[in-house]
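Dear colleague,

Please find the structure below, followed by a short account of what was found in it.

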Amino acid sequence: MDDHIHTCEKLFTAMRHEFKHLEYYYFHNCVYESLWRSNARRFSERVSTLELTRKYNKDYHLILVGDAAMSPYEIYYRGGSVEHYNEDPGIEWLRLLRKHFPRMIWLNPNSEVSWEFYESTALLREFTQYRMFPLTLSGLKDGMKCLKFPNKQYKNRTW
C-alpha cells in the first residue's frame, strides 16, 4: 500500500471540497488497535481505533482505502501484523468498525482484474458485503452510491 500513499493524499485533498467534515487516518494492510494521522509519524503518533468509535457516531461514513493484498494471516490471527504484535486479529477490528459504521465501503487502488489473485482481497471483499470498489472515477461514483444506500445488496452490482 505504500506505493499508493501519494495517490491517496491527493484523493483526501480533493475530498475535502466534497464533504462537510472529513477526517482520515492511515493503517498498514489491516486495521488493528490503532491508526495514524500522518504516514511519516506512523510509529510515534497513533490514535486508538476504539477512540475513533467513541468520537464519531454511526451517522459518519467510513471509507477504507487499501489494496487488501496481504497474507490472510494478517486478517485472522493474533500477532498477524507485520509491523507490531497485535493482541486481537484484524478481522475483530474490522467487525467493530462495520458494526459501528453501517455506511462503510472499501476503495481498492489495485486494478479490479487483479483482485482475484489475492485470497485476502476476496476475503475482505466478501467481508464488506461486496462494498469494495476500485479507486477509479467510476469506482468512486459507485462507492458514493453505496454509501447513500447502505442496506442494498451489492454482490452483483448493476447501477
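Tyr73 has a relative accessibility of 42% and therefore counts as partly exposed (buried is under 20% relative accessible area, exposed over 50%, partly exposed in between; 1.4 Å probe, protein chains only). This is a predicted model, in which local features need pLDDT of at least 70 and side-chain atom pairs pLDDT 80 or more, while totals for chains, interfaces and linings use all residues. Residues are numbered from 1 along each chain as its sequence is written, and side-chain values use heavy atoms, without hydrogens and water.

Tyr73 lies in helix 3 (residues 72-76); helices are DSSP runs of H or I with at least four residues, strands runs of E with at least two, numbered from the N terminus.

In helix 5, Ser120, Thr121, Leu124 and Phe127 are buried. Viewed down the helix axis, these buried residues fall within an arc of 125°, so they line one face of helix 5; the arc is taken from the directions from the axis to the C-beta atoms. Glu119 and Glu126, on the other side of helix 5, are exposed. After helix 5 comes Gln129, with a positive phi near 60°.

Yours sincerely
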